[in-house]
Amino acid sequence: MNRVLIVAEHADGKLNAAVAKCVACATTIPDAEIRVAVLAADGTDVAAAAAGIQGVSRVLLVKNPANEPALAAVLAPQVAKLSDGAAFVLGPSTTFGKDLMPRVAALVGAPQLSDVMAVESATRFRRPVYAANAIATVEVPAGRQVVATVRVASYQAAPGGGPAPIETVAVDVELPATTRFVSVSAARSDRPDLQTARRVISGGRALGSAENFKVIQSLADRLGAAIGASRAAVDAGYAPNELQVGQTGKIIAPELYFAIGISGAIQHLTGIKDARTIVAVNKDAEAPIFEVADYGLVGDLFTLVPEIEKLL
Amino acid sequence: MRHKHGVDGMRRILVGIKRVIDFNVRVRVRPDGSGVVTEGVKMSANPFDSIALEEALRLRERGEADEVVAVSIGPNESQQQLRDALAMGADRAILVKSDAGLEPPAVARVLLELARRESPRLVLLGKQAIDDDCNQTGQMLAALWDRPQATFASKIEIKGDVARVTREVDAGLETIEVDLPAVCTTDLRLNEPRYIKLPDIMKAKKKPLDVVELSSLGVDAAPLVKVVKFEPPPQRQKGVIVKDAAELVAALKQKGLV
């Protein structure tokens, strides 16, 4: 039996969609017994959502007001304690998981595998390196506890099931007070979440201004799509940082991806390699984005995008 | 007893610099799968580490630090990246020499040992190295050092013994406060690193660069993860160029995508 402990990401009483993808990854580990840890102030709804994912055998709920908003330094010692007896400790490769899991790994003295994209056996895994220009197959020692983040773009969410039992547990560890949450500025939007959206429309440097990004918004509205951006567009202030798609931004796998006015730097392509269909609109016929696009359209985006929208 | 201002009263910032394949190089896997091609390939400081160094220099210029120490762990050639760091403005540099590549837990333990010796008020690292893309070392160091971490920083302000850090998170921008000493990892938009000027390269030659053998630090650096092989990623099939918006929309409709 390989016990797998998955750390649930959540906000505002809602379970993050990445957790069901972590479960999907965990189910590919041979002989897995999957538990989900919910560390929250209350967490009742989050735990119920986690218990309703197929493959989960038990949800461990740790209620503590210090757990929200989530701070890695506060969560890590609790997760370390909960991981006792777990062969694998998994978290999503979101900023939450990337921040937290290495801290857990160091506390329990385990190696971490970042961005696991495939499980080949209980000791062999595949993960991207060099901005996914190479895929490494790595092996960890048998019988040694392993911490990992799951590359969520590589997995389909596990379906609903259960419900698994929810166990409220007390974790007796000292929590540090040296890290304090101040604020978060999150854009509230009715659009689908960029990381889980089926369709994504991204804009690049060629948009030329934040004002011009409305061309992207308009098409996204028409298609019920999430909005993304290239690093160049974010650096230039045309779009906020949380929309950045690429090696150091978000790695996404939508069914349909529109790259508009994006030349296609290696770092951006890393973020969209798993998209089912890529459409590129760019005035430069030599732009590298056309090397990966399923459909390329060469021309002025300010003419073509409204045309596309009208034809939909 | 932890010394807030270093053993010698210096308010010090430790900056990690990793020598990696330059971010502009198109990395290729060796035909035998043993690694990636490095022969004749341009090597540079990890871009996130240059951002970390720039931030350390700015903090020193704002009077929040007295000394900036650049640290690299790697082969002897990493001296080149440390000389660049000195030319950019670091006061001194330390190379922990290791020909074998170290995994993040081992790097964190080496940095912990240096933190014990140097008593920095801040350790600034890149959020990830663009070769192994691990994004682990800073968080691991913070855990081992039992100090706060502020990862993916896009703004750092120090007031007294507290750093207020704005972080780039999936939801947007999060601000946290951490008591110093702390570990901070940098994101892309923290700053734009300065260019190195020729006279500074000359000056940097006179700055101290200590070379320490990894074995002399007494740190367990044994690898835990074995890389079995490297493979090139599956290539996407090159698609078609459509002549106009109508042809594009027709194709998408035919595939049931819109």
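**View 1. The end of helix H4(A) and the glycine that follows.** Helix H4(A) is followed by A:Gly109, whose phi is positive, near 70°; helices here are DSSP runs of H or I with at least four residues and strands are runs of E with at least two, both numbered from the N terminus. The model is predicted, and local features need pLDDT of at least 70, side-chain atom pairs count only at pLDDT 80 or more, and totals for chains, interfaces and linings use all residues. Residues are numbered from 1 along each chain as its sequence is written, while chains are lettered from A and ligands numbered from 1 in the order in which they are written.

**View 2**

**View 3. The surroundings of A:Ala50 in the largest nonpolar core.** This core, a set of buried Ala, Val, Leu, Ile, Met, Phe, Trp, Tyr and Cys residues joined through C-beta atoms within 7 Å, has 203 residues, of which A:Ile6, A:Val38, A:Ala50, B:Val15 and B:Ala70 touch the most other members. Leaving aside residues up to four places away in sequence, A:Ala50 touches A:Ala8, A:Leu15, A:Val19, A:Val36, A:Val38, A:Val56 and A:Val59, where contact requires C-beta atoms, placed from the backbone, to lie within 7 Å.

**View 4. The side of chain B that touches chain A.** Here 65 residues of chain B are in contact with 71 residues of chain A. Among the elements of chain B that give two or more residues to this side are helix H3 (104–118), strand E8 (162–169) and helix H6 (245–254), whereas E9(B) gives the most, with 8 residues. By class, this side of chain B has 37 nonpolar, 10 polar and 18 charged residues, with Ala, Val, Leu, Ile, Met, Phe, Trp, Tyr, Cys and Pro counted as nonpolar, Asp, Glu, Lys and Arg as charged, and the others, Gly among them, as polar.

**View 5. Strand pairing between the chains.** Strand E10 of chain A (residues 134–139) runs antiparallel to E12(B), and 5 bridges join them; strands pair if DSSP finds at least two bridges between them. Within this pairing, A:Val138 stands opposite B:Val227 in E12(B).

Notes: Buried ≥ 20, exposed ≤ 12 C-beta atoms within 10 Å, placed from the backbone.
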